[in-house]
Each structure stands twice: as C-alpha cells, then as structure tokens.
Amino acid sequence: MRQHYARVTDARAVPRPICGLRAVEIRESIKAGDAAASGAMEAMRLFRLADRVIEETAQDLPDALAHAYRHRIRPLCLCKEPGLAMYIAQVGDQHIVKRMPLSGSEHDTACPSYDPPDELSGLGVLMGSAIQVDPESGLSALKVGFSLTKVGARATAVAGANSPDSVAGDTKKLSLRSLLHYLWHQAELTAWMSRWAGKRHWWNIRWHLLEAARQMMVKGGMLSDVLFVPEPFRASDAAAIEQRRAVALAPALPPRSGPRKLMVLVGEVKEILPARTGHRLIIKHMPGFPFMLDEELQRRLRARFENELMLWSADEASHLMAIATFGLTSTGLAVIEEMALMVVSENWIPYDSVYEKKLVDSLAKLNARSVKGLRYSLLAERPSAAAILQRQPRPLALYIVPPTVDRHYEEALEELIASRPDVDAWTWRVSDGEMPPLMNR
C-alpha cells in the first residue's frame, strides 16, 4: 500500500494497466468515443520527465519522481500535446505528481487532473484576491478574515455570523468555511465516481487534507504548521496517539506574555453536549479530548448553521465537518474561538440542501467522474454549478435552480451558462418537479 501512494496521485482509485496504448493513441481513441480507452485514461496518466516518458503505473516511478524532485525537473502531463506543467509534492518519503493550481480546466476532460473551470463555482471570484497562486512553486497564499492569535480569554465568534450567507460575501478574504471549501477542493475530495464506493475513509481524508495544506500559506506561514486533523483512533495505540497529539498541539499553549497563538481544527463532529458551563464539542477519533464552547458561541453556532445541523440530523450516513480556530489553556484544555460547519454525504461530498443531496446521491451511482461545486464566498442569489460531470466529448455543468429565485437569478444563470460555451449545461428547476435524468444528453 505504501508503494501505491508513492506512484499514484489519487489514493481513492486503484490504477489498471492500459495494454500498451501510447498517449497519442489514447487521446485519439477518446476523441473517437472509445469508452475502453476513456476508462484507461481515467485509470492512469503519462508524464514526461525531462527526455523520458513514463506511465504512472511504472514500477520505477517512485525513483524517477525522487530524482526529478531533487533536480527540480517539472513533470508534464501528456493528456494534451505538448504537455501541461505539473509539480511534485513531497510527503514524508513519498513523491506525488499534482496538477498546478489554476490549470485543472486545461487538462483533457478524460484526464484525472481535469478540474472544472473556476468561473462555474464560487472559486472564480476569489482567485487573484483572497487566493493568490505562485505558478512556479504551486503555493497558494491565502488572505483570511479570521485571526490566528488571541488577546484575552473570551470566545464569541461564529464564522460568517454577521453576513447573510454562511460565508461572508467578501471576495478579498476567506472565511473559515471558505477555507474549508478550498481545502476540500484542493484535496480533491469533491471528486467522485461509483468505483470508489467503500474506499474513502477518514485515514485517507486526513492524508489528502494535510497534503493540500502543505501547498497553502496563511499569514506568512504554512497552513500545515497550524492545521490539526486528528489521526484515526486505535485503542491499541491510544498512548502513542495522545503523545503525538500533545506534540502537534504544543504551539497552541499560551505563552508567558503576549498574544496566544491559535491553531485550525478540521474534524468530524460526533456531538455537541452541554457542560457545567458552556458546551463540549466532541470530535470523532478524539475520545476524552473535548473542545470547549462558551454559551454565547454555542447559541450563535446553532442559529447560524441551523440548516447544516438539520441536514446532518436528517441523514444518518452523512458527516458533519467542523473547522475552528482554537487555543489551549495553561491546563491543556482546548477552547474554540471561531467555528463553521459543513455537511458532507456518506462519500464525503459536500452538499447544502436536500436538492443537492439528491444530485450527489445520483452522481455517486455513475461510472463517470463528477466534481462537486462549492460556493465559497458566493451569496445565495448568485448562481453557480452544483457539480460538473466529467464526460466525453464535453463536460456537463449541473445547475440546481432553487424554488424561490427571482428574475435576476435566472438572468445571471443564463449569463453564466453562456460564458462557457465549451461546457454543456443541465438544469433542474426545483419548482418544475422531479430531477431530470443525468445521462440522456
């Protein structure tokens, strides 16, 4: 299993050999509508490393990537000629080929590195302002609207509490929830296809989130240095896990003087329970380590994220994700300062309504790869693609029109669809009744 992750970017799919097809033959077969070749391209990629072309299933790829990483050789993805620049990320002793930020829509729509155009989601308005990407290093510099330091002891903030949307309409800074959306997207956790069923678990969710955070900078430092994602709990390894957690959380301990440093938690909510004073947030995989919320923060959290809490309660298989800034008291108690929530499906795909949940569940049954759209900073009256279906010869943007929209929303939707003539459109107007079929276009 260790060797597998050294070779393959996507830890959720097992690659298959492609029977000796060359890159150009695969591309031509896909253009001709060859379904088998399309599946082959989904399962593997070809890279150019200097003067060598290598399959991602090659036995010596780990050594080749390590050599290229040391010598600053940039891989090229050969889904298109003459090749698209990629970068190599090092995670421990493993080397992984990743697409360059902002380049996903340039890849062939059958390539695993393809990503929907930013304009179709809330990500487009953030690029260049709240999110600034260095094209050479691939690092994203993030401007955030929350603090990673704290003066005083009282916590009352709820992410986006003063805006009409769960993520503030500010396109110059990321709210906590916007950051969670960007992490989820960059970790490629918004992508899904039916053959991944049963293969996505917390250990690889965590792995992808931490790897994505290593490519992000916040307030002059690496996000990975302040991000805490709990490792899977095993009773047989409890003492060692607690020791590693203590080391990881040490930066959140209060200094003798000056502001306290805060860390960022991303974890799955198990429950929120009343305490003698305030409430306790219980995160899965962290038994015996509660995060404390004061009464005002808990009250505002339940009011602000009422929809997310109701969606989570309505489906036993769904997960409720929390992102929060927190610090430690001198006694080692974790205290939440600011917090936001996101509900995800059984397959860890985010959704915001029962309509999106129905779409996500339908997409989960398809063999074709889909990518869930996220709203980030977009206000409710601004349309965006709920998902993209990665199909040949053109991707299909999926739009859900809520039953309460007005004429301005409809006009904005028409403009959005017209702005991407290279992408087909599917529209479900909820007020018209049942969801249209997905695969009849």
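**Strand β19 and its surroundings**

Author: Strand β9 (residues 191-192) runs antiparallel to β19, and 2 bridges join them. Strands here are DSSP runs of E of at least two residues, helices are runs of H or I of at least four, both numbered from the N terminus, and two strands pair if DSSP finds at least two bridges between them. This is a predicted model, where local features need pLDDT of at least 70, side-chain atom pairs count only at pLDDT 80 or more, and totals for chains, interfaces and linings use all residues. Residues are numbered from 1 along each chain as its sequence is written, and side-chain values use heavy atoms, leaving out hydrogens and water.

Reader: Which residue of β19 is the bridge partner of Ala 191?
Author: Ala 191 belongs to the range of β9, residues 191-192. Its bridge partner in β19 is Val 371.

Reader: What is the bridge partner of Arg 369 in β20?
Author: β19 also runs antiparallel to strand β20 (residues 387-390), with 4 bridges joining them. In β20, Arg 369 has as its bridge partner Gln 390.

Reader: Are the faces of β19 covered or open?
Author: In a regular strand, side chains alternate between the two faces of the sheet. In β19 (residues 369-372), Arg 369 and Val 371 on one side and Ser 370 and Lys 372 on the other are all buried, that is, under 20% relative accessible area with a 1.4 Å probe, protein chains only. Both faces are therefore, by that definition of buried, covered.

Reader: How many helices and strands does the protein chain have?
Author: One of the helices is α4 (residues 61-70), where Leu 61 and Ala 64 are among the buried residues. The whole chain comes to 12 helices and 22 strands.

Notes. Buried < 20%, exposed > 50% of the residue type's maximum accessible area, 1.4 Å probe, protein only.
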